[in-house]
Amino acid sequence: MAAAFAQASDRLQWASPVDIRAHQDKALAAFIRHARMTVPFYADRLIDVLSPDGTLNRHAWPSVQPLSRAMVAENLDRLQTTSLPVSHGMLHNFASSGTSGLPLEGVTTSFARMHTAIMQVRAKQWVGVDYHLNRAQIIHHVQGHDTTYPGKAVDGSWAPIWANDRRSGTWHQLDHSTPHRQQLAWLREKGRCYLSIIPNSGIRLAELVLAGEAKPDIAAIFSCGEIVTDAYRDLVRRAFGCTIWDTYASEEAGCIACQCPSGNHLHINDDHLLVEILDTNDQPCAPGQPGEIVVTPFYNYQMPLIRYRTGDIGVPGAPCTCGRGLTSLASVEGRLREVFYFANGESFVPGISPILWQRCLNATIHQTAQVDIDTVEFRFVSDTPEHEQDRAGFIAGINRRFPCGMTYRFRQMATIPGHDKPKFTYQICELPPTVPRHPPVRL
Ligand SMILES: [Zn+2]
């Protein structure tokens with residue numbers, strides 16, 4: 001079954017936007033029909049979305065109330081289908097830490113996971129992955145799956161299960177809490193390999209290599225789980241001499257968008273889910289205008305999420321010149337909790353260069369926090385005493401991003417709580433809820 005779906009996806013990416021939309025409408029209509037008939041939560045919520053002839057009524061779509069994370073958590077039982085088609089296979093529980101930091105538990109199926117795998121494989125084809133090379137994944141701890149140092153060698157091939165030729169290099173996994181120098185040593189043993197790693201750790205490995213640690217032989221980095229900044233891309237190019245290929249995914253929605261080989265922007269997997277980017281009035285954003293990413297993944301029939309608010313900010317892109325008909329996502333700019341808001345109406349994700357942290361403060365772990373409308377706190381871990389740090393140079397380096405008159409506070413700490421968690425963010429807005437927040441206008 002997977003091979004047929006994979007072939008269809010390979011073909012569809014080159015179809016016109018009109019044909020892709022027709023495919024979406026069909027998948028959505030079937031999905032909505034299922035949700036309305038078998039999922040108690042949707043019994044009376046999707047009345048006008050299907051026309052009398054059973055086709056999708058896109059005009060009624062904006063009237064469907066977007067689903068917040070809190071609504072999902074409150075209605076977990078009512079969001080489950082009472083009748084899952086047998087062909088959708090086994091159920092799998094997932095937990096996502098998401099934007100609020102509160103875990104959201106949910107259920108997906110083998111069928112939905114197969115579609116995610118197809119999207120991931122297609123993105124690997126885009127960038128010409130050579131399955132004969134080795135694969136090294138530095139991953140978050142998975143229960144019942146011991147990847148602590150010296151890691152785990154995964155049996156069998158890492159080429160797609162539906163490939164005609166499944167010969168591949170070796171496949172290794174290591175827990176991401178392994179000390180970074182040990183991660184580098186582990187990677188050096190793996191020979192030429194593709195590395196999957198979150199930016200949080202990838203930045204640190206690149207910094208260590210630039211500081212003189214021996215370099216592993218990385219063919220490319222596959223990134224997922226956090227924002228890939230230009231600064232991180234540059235760091236990796238200088239440290240490893242390779243490219244980062246970015247993927248935007250979530251436990252709830254699967255593989256949402258993958259980087260186009262022609263640039264740093266992503267292509268939305270329109271054949272797998274509907275992505276809307278909505279402003280603060282829930283109206284669609286124009287290309288270049290940032291808004292919240294709202295998703296409807298088509299294939300999780302066990303727990304249908306219809307217009308689910310991700311809490312992530314994305315910027316719609318212009319049509320791509322690569323020839324693919326898939327919608328462009330100019331960038332994923334961060335999570336809502338990473339947006340800083342200022343008294344002058346500006347808002348943005350600060351994205352301070354890791355090189356600046358390293359050069360001025362010798363910081364090994366760092367976090368920028370907005371603690372008040374005019375106060376930003378720089379938290380960091382460093383062996384260097386204050387009189388040997390260049391705090392003024394640091395402020396000079398970040399200053400053009402922030403409005404005049406800001407107060408900056410440095411906080412050198414023994415550790416930063418949560419830094420070893422995969423959803424740790426380098427920037428966090430800790431404004432009290434009473435402070436008015438303007439919609440993001442510049443990112
Ligand atoms: Zn493209």
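Student: Which residues have the most contacts inside the largest nonpolar core?

Tutor: As a general idea, nonpolar side chains tend to be buried together in soluble globular proteins. A nonpolar core is a set of buried Ala, Val, Leu, Ile, Met, Phe, Trp, Tyr and Cys residues joined through C-beta atoms within 7 Å. Buried means that 20 or more other C-beta atoms, placed from the backbone, lie within 10 Å of the residue's own. Here the largest core has 72 residues, and Leu195, Ile221, Val236, Ile256, Val275 and Val295 have the most contacts inside it. Helix α4 (residues 110–126) gives the most to this core, 6 residues; helices are DSSP runs of H or I with at least four residues, numbered from the N terminus.

This is a predicted model: local features need pLDDT of at least 70, side-chain atom pairs count only at pLDDT 80 or more, and totals for chains, interfaces and linings use all residues. Residue numbers start from 1 along each chain as its sequence is written.

Student: What is valine 295 in contact with?

Tutor: Contact means C-beta atoms, placed from the backbone, within 7 Å. Leaving aside neighbours within four places in sequence, valine 295 touches Ala253, Ile256, Leu273, Val275, Tyr308 and Thr310. There's also a second, separate core of 9 residues, including Ile352, Trp357, Ala363 and Phe380.

Student: Where are the domains, and how many residues of each are in contact?

Tutor: Domain bounds come from an automatic or database assignment. That assignment gives domain 1 (1–333) and domain 2 (339–429). Between them, 13 residues of domain 1 contact 11 of domain 2. On the domain 1 side, α6 (199–210) and α7 (230–240) each give two or more residues, with the largest share, 3 residues, from α6.

How values were computed: Contact = placed C-beta atoms within 7 Å. Buried ≥ 20, exposed ≤ 12 C-beta atoms within 10 Å, placed from the backbone.
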